[in-house]
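Hello,

Here is the structure we talked about passing on. Please open it alongside this note; my findings follow below.

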Amino acid sequence: MTGLSDKVILITGASSGIGEATVRELAATGARLFIGARRGDRLQALAEQLGPNIAWRELDVTDAANFKAFADAAEAKFGRVDVLINNAGVMPLSPLAALKTDEWKRMIDVNIHGVLNGIAAVLPRFVAQQNGHVVNVASVGAHLVLPTAAVYCGTKYAVWAITEGLRQEHDDIRATIISPGVTATELGDDISDPQVAAALKDWRQKSLTPDAIARAIRYALEQPDGVDVNEVIVRPTAANM
Ligand SMILES: NC(=O)c1ccc[n+]([C@@H]2O[C@H](COP(=O)([O-])OP(=O)(O)OC[C@H]3O[C@@H](n4cnc5c(N)ncnc54)[C@H](OP(=O)(O)O)[C@@H]3O)[C@@H](O)[C@H]2O)c1
C-alpha cells in the first residue's frame, strides 16, 4: 500500500452519494482533495467539515472549459494534480418508446462527455509529468443491459471502453474502472416515469451504502505506481444482477 498524503486528488460529483463518501474516505488518508459538482452549498459544507486539505469549486462536467478551469484551480491551490476521479453521473431511466430524448441527451452529456472533458483537463499534465491516475465510475450497467436502462447502460459501456483505451495508450498513467452495483444514493431521483421510479425503489431493497464503493476507490489508489487495478465490480452480496 502507498500512502496518499502527498497526492492531489480531483473528485467530481462530490455533493452527494458515492462522491461524497469518497471525499470522506480519502480525507482520512491526508490527501489533498479538490472537489466539484454544481451544488456549491453542499461542497462548501463538506469542505468546512473536513478541514483545510479539502478545497471546492462549482463544476459542470458537461462544460469542457469549466472542467479545465477546475483542474487549473486545483493546481493553483495545491501545486499539482495526481488523480482524477470522474464520478459525476445521472440516471433518468425510461423505456426507449417513451422518446425522452432530452433525458437521453443529458445522460450522454454528463456520463460520457463529462468523463471525456475530465480526461482532457488532466491528460496533458499527466503526460508531461509521466504519472497520473484516472478513476472512472462506470456501473454494473457497463456489463449488462436491462429494459428502461438502454441509454444509461450505453453510456456506461462507453465509459468502460474509454477507460480501457486510456489504459492501453499509456505506460505510465493508470486507468481504473469502478463498477458499482445498486447503491443507496440520490441517483435516479429525477426519473420522470412513475412506474420506473417504483421499480428502482424495488431494486434498492438490496443495496450497498456508498462507503462500500469509496473503499474500492481507495484500494485502487493505494496501490504502488506500477500496479494498475483495471476494474473493481462491487455488488451487494444478495444481488442477483
Ligand atoms: N447509485 C448506484 O446504484 C450506482 C450504481 C452504479 C453506478 N453508479 C454511478 O456512480 C456515480 C455517482 O452516482 P451516485 O450514485 O453517487 O448518485 P448521486 O448521489 O445522484 O450523485 C451524482 C453526483 O453527480 C453530480 N452531477 C450530476 N450532474 C453533474 C454535472 N453536470 N456536473 C457536475 N456534477 C454533476 C451530482 O452533483 P450536482 O447535482 O450537485 O451537480 C452528484 O454529486 C454515477 O456515475 C453513477 O452512474 C451509481
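**What I found**

Start at V122. Setting aside neighbours within four places in sequence, V122 is in contact with L10, V81, L84 and V134. Please keep in mind that this is a predicted model.

V122 and L10 also belong to the largest nonpolar core, which has 40 residues. They are among the residues with the most contacts inside that core, together with F34, F67 and L93. The elements giving two or more residues to this core are β1 (8-12), α3 (64-78), α4 (101-129), α5 (150-169), β6 (173-180) and α6 (194-203). The most comes from α4, with 7 residues.

Now the whole chain. The protein has 7 helices and 7 strands. Their order along the sequence is β-α-β-α-β-α-β-α-β-α-β-α-α-β. The radius of gyration is 17 Å, close to the 18 Å that the globule rule gives for 241 residues, so the protein is as compact as a globular protein of that length. Its C-alpha trace spans about 50 × 40 × 35 Å along the principal axes.

Buried residues make up 51% of the 241. Take the contacts between residues at least 6 apart in sequence: 68% of them join residues at least 24 apart.

Last, the surface and the charges. The accessible surface is about 10700 Å², and 52% of it belongs to carbon and sulfur atoms. There are 23 positive and 28 negative charges, and their mean positions are 3 Å apart.

Best wishes

Key. Residues are numbered from 1 along each chain as its sequence is written. This is a predicted model: local features need pLDDT of at least 70, side-chain atom pairs count only at pLDDT 80 or more; totals for chains, interfaces and linings use all residues. Side-chain values use heavy atoms; hydrogens and water are left out. Helices (H or I, at least four residues) and strands (E, at least two) are DSSP runs, numbered from the N terminus. The radius of gyration is taken over C-alpha atoms; the globule rule is 2.2 Å times the number of residues to the power 0.38. Buried means under 20% relative accessible area, exposed over 50%, partly exposed in between (1.4 Å probe, protein chains only). Contact means heavy atoms within 4.5 Å. Accessible areas come from the Shrake-Rupley method with a 1.4 Å probe; for residues, only the protein chains shown count as cover. Lys and Arg count as positive and Asp and Glu as negative; His and the chain ends are not counted. The place of a charge is taken as NZ of Lys, CZ of Arg, CG of Asp or CD of Glu. A nonpolar core is a set of buried Ala, Val, Leu, Ile, Met, Phe, Trp, Tyr and Cys residues joined through side-chain atoms within 4.5 Å.
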